[in-house]
Amino acid sequence: MKSASLAGLRISTGLLLMVWGLIRVGAPNMGAHVSEKYYAGLGAAPTVQVAWGIALLILGSLVVLGLFRRYALPAQAVVLVTGALAIWKYLLDPLGMYLLDRDTSQVLFFPSLGIAFATLVLIAFRNEDHFALDHLIDRHKTNAAEG
């Protein structure tokens, strides 16, 4: 059950990166709007959005497949945790009761907190995800060497 749960977390968080990547590649202006609104315009240029989108597609694909997890999972954590930190006011006040008002609050951002921690769980239990492709490859190599 643990391996299946970890695989589910890995696949769903990786798919999230892939969806964000597709949006940035397919509609760079949408990504630019997000960059301007929540990241002080950092990386708002359409060329940067497309490049970032391609990077997210590659990273998301590696995470979904479970390849190079030693590097892909921490890279995913940087993306997802940084994304959550950038919207900290929305996470601390999803209902607009004290940091934001009801017009500027956005309850739909609140799941970003769980997603950020999900990626940290994936790092902590990386060796327990027995359905990841790199784990299966390593197991096959070990069996071949022993056999």
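This is a predicted model: local features need pLDDT of at least 70, side-chain atom pairs count only at pLDDT 80 or more; totals for chains, interfaces and linings use all residues.
A residue counts as exposed when its relative accessible area is over 50%, and as buried when that area is under 20%, with partly exposed in between. By that rule Phe68, at 53% relative accessibility, counts as exposed.

**The nonpolar cores**

- The largest nonpolar core is made of 10 residues, namely Leu6, Leu17, Leu56, Leu59, Val63, Ala72, Leu73, Val79, Leu80 and Leu122.
- Three helices, α1 (2–26), α3 (46–65) and α4 (69–86), each contribute at least two residues to this core, and α4 gives the most, with four residues.
- Ala72, which belongs to the largest core, touches Leu59, Leu62, Val63 and Leu67 when residues up to four places away in sequence are not counted.
- There is also a second, separate core of six residues, and among its members are Ala84, Tyr90, Leu91 and Leu100.

**Helix α1**

- With 25 residues, α1 reaches 36 Å from its first C-alpha to its last, which is close to the 36 Å expected at 1.5 Å a residue.
- The buried residues of this helix are Ser3, Leu6, Ala7, Arg10, Thr13, Gly14, Leu17, Gly21 and Arg24, and what covers them includes α2 (28–38), α3, α4 and α6 (111–124).
- An α-helix has 3.6 residues a turn, so residues three or four places apart point the same way.
- Ser3 is found in α1 and counts as buried because its relative accessibility is 12%, and, leaving aside neighbours within four places in sequence, Ser3 is in contact with Glu128, Asp129, His130 and Phe131.
- Ile11 also lies in helix α1, but at 34% relative accessibility Ile11 counts as partly exposed.
- Ile11 and Ile115 are 104 residues apart in sequence, while their C-alpha atoms are 12 Å apart in space.

**The aromatic pair**

- The count of aromatic pairs comes to one, and this pair is formed by Tyr90 and Phe109 in an edge-to-face arrangement, with 5.1 Å from centre to centre and 85 degrees between the planes.
- Tyr90 lies in helix α5 (residues 88–92) and Phe109 in the loop between α5 and α6, so the pair ties together parts that are 19 residues apart in sequence.
- Tyr90 counts as buried because its relative accessibility is 14%, and Tyr90 is also one of the residues of the second core.

**The largest pocket**

- The largest pocket holds about 770 Å³ of space, and its lining consists of 29 residues, of which Trp20, Arg24, Val34, Tyr39 and Gly83 lie nearest its centre.
- The elements that give two or more residues to this lining are α1, α2, α3, α4 and α6.

**Phe68 and its surroundings**

- Phe68 is found in the loop between α3 and α4, and counts as exposed because its relative accessibility is 53%.
- Leaving aside neighbours within four places in sequence, Phe68 is in contact with Leu62 and Asp134.
- Phe68 and Asp134 are 66 residues apart along the chain, and their C-alpha atoms are separated by 6.6 Å.
- Leu62 is a contact of Phe68 and is also touched by Ala72.

Technical notes:
Residues are numbered from 1 along each chain as its sequence is written. Side-chain values use heavy atoms; hydrogens and water are left out. A nonpolar core is a set of buried Ala, Val, Leu, Ile, Met, Phe, Trp, Tyr and Cys residues joined through side-chain atoms within 4.5 Å. Buried means under 20% relative accessible area, exposed over 50%, partly exposed in between (1.4 Å probe, protein chains only). Contact means heavy atoms within 4.5 Å. The expected span of a helix is 1.5 Å times one less than its number of residues. Rings of Phe, Tyr and Trp (its six-membered ring) pair if their centres lie within 6.5 Å; planes under 30 degrees apart count as stacked, over 60 as edge-to-face and the rest as tilted. On a 1 Å grid over the protein atoms alone, a cavity is a set of points where a 1.4 Å probe fits but cannot get out, and a pocket is an open set with protein on both sides within 12 Å along at least five of seven lines; lining residues have an atom within 4 Å of a point. Grid points are joined across faces, edges and corners, and a volume is the space filled by probe spheres set on the points.
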